[in-house]
Amino acid sequence: MRTRILILLAIVFQSHCLLGQSLTVEYIDQYIQMSQPSIEFGNKEKLYVIDGVPNSNIEIESKLVKYKLNDKFLFIDYLFSDSLSTTVFKPNLLIVLIHRAQPLKLKNKKKELRKAIEMLSSTSEPPAFMLNDRQLSAQEARQSISVLRPRNIDHISFNKHAPLSIYGADAKNGLIRIWTKN
């Protein structure tokens, strides 16, 4: 019996390692720095808001363990407290938002798809666009999104800040990521 439990624990541990690396503060800092290379974030005081709950910097690593880097529903964004019109935060505080998005219902998929189509077509400088983790040009994005049906969409995410070094110059206008069920 004891051997079976040890084998089961070994399998769970190995599969946990194989499924993906956990999110870390170092990764978040690199992601933010790549998003805005002209701004020095390292010395800024940070507040991490995980699933809507503010966390102290002391306990942050233990909270991030449940998030995997390869999770397509992982959402990381940030803003400065100064950018909020009404705030109770310290001035010049970097607020880092982390959560795992929930799967969308059909009516929300329709709404999000309309929003993505509008963002791609109404601006002269559209955001970067990824479909199933493949980056598309603005023209390809417009063509692809025009034939997408809400029922075929698994998830849509919008990021105001995306690393320019990863997604290119279009990412300065944000990033739209869509995953389909296929």
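**Close-ups of a predicted model**

View 1. The buried residues of H4 pack against strand E5 (128-131), helix H5 (138-147), E7 and strand E8 (175-180). Keep in mind that this is a predicted model.

View 2. H4 covers residues 106-122, so to speak a run of 17 residues, and spans 24 Å from its first C-alpha to its last, close to the 24 Å expected at 1.5 Å a residue. Which residues of H4 are buried? They are Lys 109, Glu 112, Leu 113, Ala 116 and Leu 120. Look down the axis of H4 and these buried residues fall within an arc of 105 degrees, so they line one face of the helix. Now check the other side of H4: Lys 107, Lys 111, Arg 114, Glu 118, Ser 121 and Ser 122 are exposed there.

**View 3. Asp 154 and the residues around it.** Find Asp 154 in strand E7, which takes in residues 153-159. Which residues does Asp 154 touch, leaving aside its neighbours within four places in sequence? Its contacts are Lys 72, Phe 73, Leu 104, Lys 109, Trp 179, Thr 180 and Lys 181. Lys 109 in that list is one of the buried residues of H4. Take Trp 179 as well: it sits 25 residues from Asp 154 along the chain, yet the two C-alpha atoms are separated by 5.4 Å.

**View 4. A sheet of four strands.** Here you can follow an open sheet in the order E6-E5-E8-E7, with mixed pairing. The edges belong to strand E6 (134-136) and E7, each of which pairs on one side only. On average, neighbouring strands of this sheet are turned by 20 degrees against each other, direction ignored.

**View 5. Zooming in on E5 and E6, with H5 on the sheet.** E5 and E6 run antiparallel and are joined by three bridges. Spot Phe 129, which stands opposite Leu 136 in E6. H5 packs on the sheet and touches E5, E6 and E8, and its direction makes about 105 degrees with that of E6.

Notes:
Residues are numbered from 1 along each chain as its sequence is written. This is a predicted model: local features need pLDDT of at least 70, side-chain atom pairs count only at pLDDT 80 or more; totals for chains, interfaces and linings use all residues. Side-chain values use heavy atoms; hydrogens and water are left out. Helices (H or I, at least four residues) and strands (E, at least two) are DSSP runs, numbered from the N terminus. Contact means heavy atoms within 4.5 Å. The expected span of a helix is 1.5 Å times one less than its number of residues. Buried means under 20% relative accessible area, exposed over 50%, partly exposed in between (1.4 Å probe, protein chains only). The arc is that of the directions from the helix axis to the C-beta atoms. Two strands pair if DSSP finds at least two bridges between them. Axes are lines fitted to C-alpha atoms, for helices over the stretch in contact, and angles run from 0 to 180 degrees between N-to-C directions.
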